[in-house]
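Subject: Structure handover

Hi,

Here is the structure I promised to pass on. Please open it next to this email as you read.

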Amino acid sequence: MAFMVKTMVGGQLKNLTGSLGGGEDKGDGDKSAAEAQGMSREEYEEYQKQLVEEKMERDAQFTQRKAERATLRSHFRDKYRLPKNETDESQIQLAGGDVELPRELAKMIEEDTEEEEDKASVLGQLASLPGLDLSSLKDKAQTTLGDLKQSAEKCHIM
């Protein structure tokens, strides 16, 4: 019982004296945090360094992903002749300036471009018409061409 009262009041008392200007060393605060984690001071410092390094790596990866997305958006803005966005350009510059798209995104863009080129061609437009059979149309064109060749062979002028 006395232990519980001491921990409850002792913590409150330390907080109160710390806020009133009681000079505690920051090293003691780190030491108590290290002891609370069940580590020595050196282990705790190493742990803190690892946390900082991991956070820096995550931030770098996040910045890279943001730059890749910005590159993709700027690509589509160029493709569809939309106005440029300063935010995207600044994100690309933050990542180092020269950002390449991931393979999957580049592959998707290529496929989209090929599909659009197919649709832009005459055969692509014909294929998109409902009720039109391209194979029968092709067969008719080949028979007509064969008939023209035969009639050209019979012609004595040519």
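Below are the notes on folds, charges and rings.

First, the ground rules. This is a predicted model: local features need pLDDT of at least 70, side-chain atom pairs count only at pLDDT 80 or more, and totals for chains, interfaces and linings use all residues. Residues are numbered from 1 along each chain as its sequence is written, and side-chain values use heavy atoms, with hydrogens and water left out.

**Overall make-up**

The protein has seven helices and zero strands. Helices here are DSSP runs of H or I with at least four residues, strands are runs of E with at least two, and numbering starts at the N terminus. The order from that end is α-α-α-α-α-α-α. Of the 158 residues, 9% are buried. Buried means under 20% relative accessible area, exposed means over 50%, and partly exposed lies in between (1.4 Å probe, protein chains only).

**Salt bridges**

The count is five salt bridges. The rule asks for a side-chain nitrogen of Lys or Arg within 4 Å of a carboxyl oxygen of Asp or Glu.

Start with Asp 59 and Lys 55. Their closest N and O atoms are 3.2 Å apart. Both residues sit in helix α3 (residues 41–79), four residues apart, about one turn of the helix. Asp 59 is partly exposed at 36% relative accessibility. Lys 55 is also partly exposed, at 46%.

Next, Asp 88 and Arg 77. This salt bridge has an N to O distance of 2.4 Å. Asp 88 belongs to helix α4 (residues 86–94) and Arg 77 to helix α3, so the pair ties together parts that are eleven residues apart in sequence. Asp 88 is buried, with a relative accessible area of 4%.

Then Asp 78 and Lys 84. Their side chains form a salt bridge at 3.9 Å, N to O. Asp 78 is partly exposed at 47%, whereas Lys 84 is exposed at 58%.

**A negative patch**

Where does negative charge gather on the surface? The patch is made of Glu 110, Glu 111, Asp 112, Glu 114, Glu 115 and Glu 117. Patch residues have over 30% relative accessible area and no salt bridge, and like charges are joined within 9 Å. Areas come from the Shrake-Rupley method with a 1.4 Å probe, and only the protein chains shown count as cover. Asp and Glu count as negative, Lys and Arg as positive; His and the chain ends are not counted. Each charge is placed at NZ of Lys, CZ of Arg, CG of Asp or CD of Glu. Glu 115 lies in helix α5 (residues 103–120). Glu 115 is partly exposed at 46%.

**Rings**

There is one aromatic pair. The ring centres of Phe 76 and Tyr 80 are 6.3 Å apart and the planes meet at 15°, so the pair is stacked. Rings of Phe, Tyr and Trp (its six-membered ring) pair if their centres lie within 6.5 Å; planes under 30 degrees apart are stacked, over 60 edge-to-face, the rest tilted. Phe 76 is partly exposed at 26%. Tyr 80 is partly exposed at 47%.

**One backbone angle**

Most residues other than glycine have a negative phi. Arg 81 has a positive phi, near 55°. Arg 81 is in the loop between α3 and α4. At 78% relative accessibility, Arg 81 is exposed.

Best wishes

Key
Patches are made of residues with over 30% relative accessible area and no salt bridge: like charges are joined within 9 Å, nonpolar side chains (Val, Leu, Ile, Met, Phe, Trp, Tyr) within 5 Å.
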